[in-house]
Amino acid sequence: MKNFRIESDSLGDIDVPVDAIYGPQTQRAINNFPISGLTLPKRFIQALALLKKSAAQANLELGLLDQKRAEGIIHSANLIASGKHLDQFPVDVFQTGSGTSTNMNMNEVIAMLAGNTVDANDHVNMGQSSNDVIPSTIHISAAIALSNHLLPALKHLHKTISNKAVSVSEHIKTGRTHLMDAMPISMGQELSGWAGQIEQGIEGLESVRNRLHRLALGGTAVGTGINTHSDFAQTFCAALTKDTGLEFEPSDNFFASLAGQDVAVALSGQLKVVAVSLMKIANDLRWMNSGPLSGIGEIELEALQPGSSIMPGKVNPVIPEAVAMVSAQVIGNDATITIAGQSGNFELNVMLPVIAYNLLESVEILANSASLLADKAIADFIIKTDKLQQSLARNPILVTALNPIIGYAKAAEIAKKAYHSGRNIIDVAEEETDLSHEQLIKILDPIALTTGGIRT
């Protein structure tokens with residue numbers, strides 16, 4: 001049986017596990033919200049610790065906090081930011097909408113670690129409110145994760161796709177629209193489309209990035225900055241910028257930053273765009289890899305694990321499948337964040353913890369899956385040259401290049417005849433037109449057709 005100690009707060013006494021570093025308000029939250037077992041991500045907790053560290057530095061510099069207490073807070077916050085004591089943050093995601101329980105959880109843990117008569121409210125939370133702390137931590141944690149994790153992963157994916165596009169550029173394949181045969185395209189051209197989507201996704205994320213660096217801290221309870229030094233926000237941001245290497249600055253409107261979560265919604269929207277792109281690429285890979293005998297079979301993905309518990313020798317496209325599921329999750333997270341983002345009632349958004357959880361989950365799983373897609377699917381897939389050439393030779397849609405010479409109707413007649421007879425399009429066109437075999441070979445050359453223009 002667990003041993004408990006008695007702690008007190010403004011509501012009275014409460015039993016807290018004797019070995020817990022947190023205090024009474026954290027314990028009340030544990031008792032009040034036994035909902036999901038989900039806790040806020042470690043990236044969020046570590047960012048919150050960085051916020052408390054920089055706040056203590058600011059209050060020390062402004063002469064509001066004495067040296068001994070400030071050093072205790074800074075040291076304790078550093079421990080948490082470095083990954084220690086993360087098991088002391090057990091509060092459920094589904095809690096009070098302001099995230100007050102998580103803010104007080106951090107305040108209590110830092111105060112307990114710091115000792116030296118450090119008080120959770122008076123010292124660790126000096127010049128702050130949960131109402132500006134949690135929105136700021138959403139921005140800080142997302143900004144760090146974006147800069148250090150997701151953007152590098154997407155840039156790696158973009159480079160991998162671009163390099164692969166160059167290495168497979170000489171391979172010509174049947175293009176497909178509506179999943180049906182279309183005009184030829186080179187493998188390099190197809191992959192350049194993937195690279196373009198990822199590049200656009202990176203640009204979209206970069207467009208939101210600067211707004212993430214504008215922080216609510218300094219607005220305190222309702223945006224007026226009550227109980228906060230007039231220079232606190234600027235001094236805090238300077239300390240956080242020095243600590244993280246990211247250029248943070250105070251929000252230009254604390255009321256908007258407390259009441260709304262528009263930047264988080266915008267970032268989530270851009271994450272959804274990336275997810276949609278990754279799902280498209282993943283599904284293209286699955287289709288191109290399908291078979292190996294009865295499907296499209298244009299490429300062969302690396303065999304990573306047995307694909308069936310009953311069918312020997314079966315191998316499945318597991319990485320693209322995992323990426324597609326990640327994409328679905330991120331799209332779902334965006335719906336949650338969108339709903340939560342409009343829950344700003346007057347001066348405060350009251351769905352902050354669920355925004356934080358879903359936003360950071362989306363960043364994390366997108367980054368991880370982008371790296372896997374690059375390294376375990378795209379970098380080393382093999383081109384099935386014979387299958388490409390076989391499909392091209394029988395593709396009746398090549399006749400499109402004859403439209404300017406013989407007209408659409410005649411070209412359609414030739415395409416249908418070639419398709420129904422299973423014959424080569426050049427042979428049928430030679431019978432049905434005045435064009436010579438040599439002319440047709442030149443006009444219908446699949447490699448030449450990938451460069452566009454009118455053939456004569």
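This is a short walk through one protein model, from its overall form to two of its residues.

First, the ground rules. The model is predicted, so local features need pLDDT of at least 70 and side-chain atom pairs count only at pLDDT 80 or more, while totals for chains, interfaces and linings use all residues. Residues are numbered from 1 along each chain as its sequence is written, and side-chain values use heavy atoms, with hydrogens and water left out.

Now the whole protein. It has 18 helices and 10 strands; these are DSSP runs numbered from the N terminus, with helices being H or I of at least four residues and strands E of at least two. The radius of gyration is 30 Å, well over the 23 Å that the globule rule gives for 456 residues, so the protein is more spread out than a compact globule. That radius is taken over C-alpha atoms, and the rule is 2.2 Å times the number of residues to the power 0.38. Along its principal axes, the C-alpha trace spans about 95 × 50 × 35 Å.

Of the 456 residues, 51% are buried. Buried means under 20% relative accessible area, exposed means over 50%, and partly exposed is in between, using a 1.4 Å probe and protein chains only. For contacts with a separation of 6 or more, 71% join residues 24 or more positions apart, a contact being heavy atoms within 4.5 Å.

Next, the record. UniProt, in an unreviewed entry, gives "domain: Fumarate lyase N-terminal" for residues 12-332. Positions are in the numbering used here, feature names are shortened, and annotations may be inferred rather than shown by experiment. Residues 12-332 are 59% helix and 8% strand, with end C-alpha atoms 41 Å apart. The unreviewed entry also lists "domain: Fumarase C C-terminal" for residues 398-450. That stretch is 70% helix and 0% strand, and its end C-alpha atoms are 11 Å apart.

Now two residues. Where is L86? L86 is in the loop between helix 3 (67-81) and helix 4 (100-114). It is partly exposed, at 25% relative accessibility. Neighbours within four places in sequence aside, L86 contacts K42, I45, Q46 and I80.

The other residue is F236, in helix 8 (residues 232-244). Its relative accessible area is 0%, so F236 counts as buried. Leaving out neighbours within four places in sequence, its contacts include L51, S54, I140 and L215. From F236 to D181 is 55 residues in sequence, and 60 Å in space, C-alpha to C-alpha.
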